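Here is a short note on the fold, for checking against the coordinates.

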Amino acid sequence: MGSTGGSGSIGGATNVRVVVIGDCGTGKSSLIVSVATDSFSERAPPLLPPTRLPPDFYPDRVPLTIIDTSSRPEDRNKLGAECKKADAIVLTYACDQPITLERLSSYWLPELRRLEVKVPVIVVGCKLDLRDDQQLSLEQVMTPIMHQFREIETCIECSALKQIQVAEVFYYAQKAVLHPTAPLFDQETQTLKPRCVRALKRIFILCDHDRDGALSDAELNDFQVKCFNAPLQPSEIVGVKKVVSEKLPEGVNEHGLTLTGFLFLHALFIEKGRLETTWTVLRKFGYNDEIKLRDDLLPTAQFKRAPDQSIELTSEAMDFLRGIFSMFDIDGDGALRPQELEDLFSTAPESPWEEGIYEDSMEKNALGAVTLNGFLSAWALMTLMDPVKSLAYLIYIGYPGDPVSVFHVTRRRRIDRKRLNSHRNVFQCFVFGPGNAGKSALLNALIGRPFIEKYTTTKGDHYATNVIDMSEGTKKILVMREILEDAVDKLLANKEFLSPCDVAVFVYDSSDEASWRKTAELLVEVATHAENSGFVVPCVMVAAKDDLDPHPVSITDSARVSQDMGVESPITVSMKLGDISNLFRRIINVAQRPHLSIPETEAGKNHKQYRRLVNRSLMFVSVGAAVTVVGIAAYRMYAVRKHSSG
């Protein structure tokens, strides 16, 4: 199984640039002349111009450019610049000069690290014809160096004079670029790397058309044709399964080649140096050199949107996610345990929610398992924040439909206000307030986390999201983002900061006068920014810690501010007592009527009054002009009639 043919472009590479470095006199120039002319030159110039090997020189049919370098101290900067432009490095030493071998680890390899050159290195022992038979073997010499410097892809000895393994030097260099080992295989443990395993598992599942957990002879043949454009003969299929069953009995069963056997075969290919086989398979199924789906497989044109538009998953995509949730909920308890969630994402490069904003943003049960609502809302959050990532992961886990059918771009928020309603399914809520007001407790309540008495300062981005049951059986997803008090000024410096916000919540400690005053300042500050930027949002005030005695000033002032700015009176809640007064449903209700509860500052009111006066003046002028025009027309008609009668 596995046979590759040249394509002229592999993994996106249309040319491979190889830079040859090493001590003076190790045979760099002679090596290059020898590979280019297939002959040895007694008088190779000290420094060659760039040498190009044509596409048909090697099987992959990708041209290769070889850059010679000088190791003189005065050329050190130029050498460093060339190394930084390299796709691969050929590092030479002379087999008859032990000091040049020692300088690999004492100078050259550390120097490449200092330059931060992170490309494959091929170590080449030149002048093999002068090698002393008493010297240690290449394996004995290079094994400790390769353990210390993992960037070394392979080692080889050659002789330009005798034309021994000269072409192989640059073949291995090109191969290290086009078919790199590092993403696929761990040399230390001699095992496939996790991301490679996950990609091959997805490919296996896609090829297992009858879903019986094994590739039948017909499925193996289809796989071979898709990847290598050539069918497998029946005897070849028997041979493949025989190799696997002899080494790994569980790799083959009565239905065919199992996933274990499929992975074993690829590990075997790599161990035998046939990395191009595995890379061909991966690339045929859309993977790039990082073993992630290529960008061209993710149609991003559908993600174009105005700042006040959002992207949501369609009902088809949500139905698929409900089905995949049920499939991996093995124990049927309505939640995915960590292992079940890992199994669900086992065909993706990694779980998308292990870090960042997602880990603590979703609803989990008492055992730490993700509920269905938590699962769906986490997908909604990922789609809101990074739709390209969301699309990629839907494909990884087996979404069968057209990628274009996955997403829906919402109507612009300013149009929602004109239409007096919003039909979104996902609402984003920014939560403002001073420290220790109860913002984090509010977000924790959204995802069902118990109240924590001890106050800790939030650091970094904090999101929470969940499905909210609305009236008449409808469901909406609420995404809450905590806005840190000390980050407000920086965020408001961005004109479009409020553009993705559907509703803003202002939380204050109702027992603390200072907390209320700071929240009132924040409300005015945010409302002013909204009026100036044009991205106005409805607002809700929340009087938290209702289990404590309210401060009189916060009661009287909040009523006055609500009336003056045109927003509803604060909603009183107690996270500690679990009394949240249907808060989340009320927040969504406000967001669904985006033309109401929009706070107005004094400056905003004055500006609106000014516009009304201007509009009235324009209307008066228009009416006056219209009367004048009509009067002139009537006079002209009268004059014409009078002239006619005369």
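1. Start with β1. This strand is mostly covered, with 6 of its 7 residues buried (under 20% relative accessible area, with exposed over 50% and partly exposed in between; 1.4 Å probe, protein chains only). Strands (E, at least two residues) and helices (H or I, at least four) are DSSP runs, numbered from the N terminus.

2. The model is predicted: local features need pLDDT of at least 70, side-chain atom pairs count only at pLDDT 80 or more, and totals for chains, interfaces and linings use all residues. Residues are numbered from 1 along each chain as its sequence is written, and side-chain values use heavy atoms, leaving out hydrogens and water.

3. β1 (residues 16-22) runs parallel to β4 (residues 88-94), joined by 5 bridges. Two strands count as paired if DSSP finds at least two bridges between them. In β4, L91 stands opposite I21, and V90 stands opposite V20.

4. β1 also pairs with β3, again in the parallel sense, over 5 bridges. Here V18 has I66 as its bridge partner.

5. The open sheet has 6 strands, ordered β2-β3-β1-β4-β5-β6, with mixed pairing. β2 (51-53) and β6 (152-157) each have a single partner strand, so one side of each lacks a neighbour in the sheet. From one strand to the next, the twist averages 25°.

6. Helix α1 (residues 28-37) packs on the sheet and touches β1, β2, β3 (64-68), β4 and β5 (121-126). Contact means heavy atoms within 4.5 Å. The direction of α1 makes about 155° with that of β3. Axes are lines fitted to C-alpha atoms, for helices over the stretch in contact; angles run from 0 to 180 degrees between N-to-C directions.

7. Helix α2 (residues 76-84) lies across β1, β3 and β4, at about 145° to β1.
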